[in-house]
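Look at the structure, then check each label against its definition.

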Amino acid sequence: IPEVNGYEVLRELRCAETTKNLPVILLTGVSATEGEQTAAELGANHYVTKPWKLSSLRAVIRVAIREVGNSG
């Protein structure tokens, strides 16, 4: 994202009434040791680092969808 980073987008999503509960999966080149805590503090549901495998990403998406179904 050229003008803003993923953390800024996540912050905006969490502040907006219509998207504050939207499940967010960060797909990033930032290592988990560098970025996962910040992502969690900002409200990311999942954190996936590059390089990733399609099967792993699909599994994370399934979990996120399941979590939404169980939350209400």
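Q: How do the residues of the lining of the largest pocket divide into nonpolar, polar and charged?
A: The lining has nine nonpolar residues, three polar and no charged. Ala, Val, Leu, Ile, Met, Phe, Trp, Tyr, Cys and Pro count as nonpolar, Asp, Glu, Lys and Arg as charged, and the others, Gly among them, as polar.

Q: How far can you trust the model?
A: This is a predicted model: local features need pLDDT of at least 70, side-chain atom pairs count only at pLDDT 80 or more, and totals for chains, interfaces and linings use all residues. Residues are numbered from 1 along each chain, and side-chain values use heavy atoms, without hydrogens and water.

Q: Why is E17 called exposed?
A: Exposed means over 50% relative accessible area, buried under 20%, and partly exposed in between (1.4 Å probe, protein chains only). E17 has 61%, so E17 is exposed.

Q: Why does K20 count as partly exposed?
A: K20 has 34% relative accessibility, so K20 is partly exposed.

Q: What makes the contact of E17 and K20 a salt bridge?
A: A salt bridge needs a side-chain nitrogen of Lys or Arg within 4 Å of a carboxyl oxygen of Asp or Glu. Here the N to O distance is 3.2 Å, so the E17 and K20 side chains form a salt bridge. The structure holds one salt bridge.

Q: Why is L27 called partly exposed?
A: L27 has 38% relative accessibility, so L27 falls in the partly exposed class. L27 lies in strand β1, residues 25-28 (a strand is a DSSP run of E, at least two residues).

How values were computed: Helices (H or I, at least four residues) and strands (E, at least two) are DSSP runs, numbered from the N terminus.
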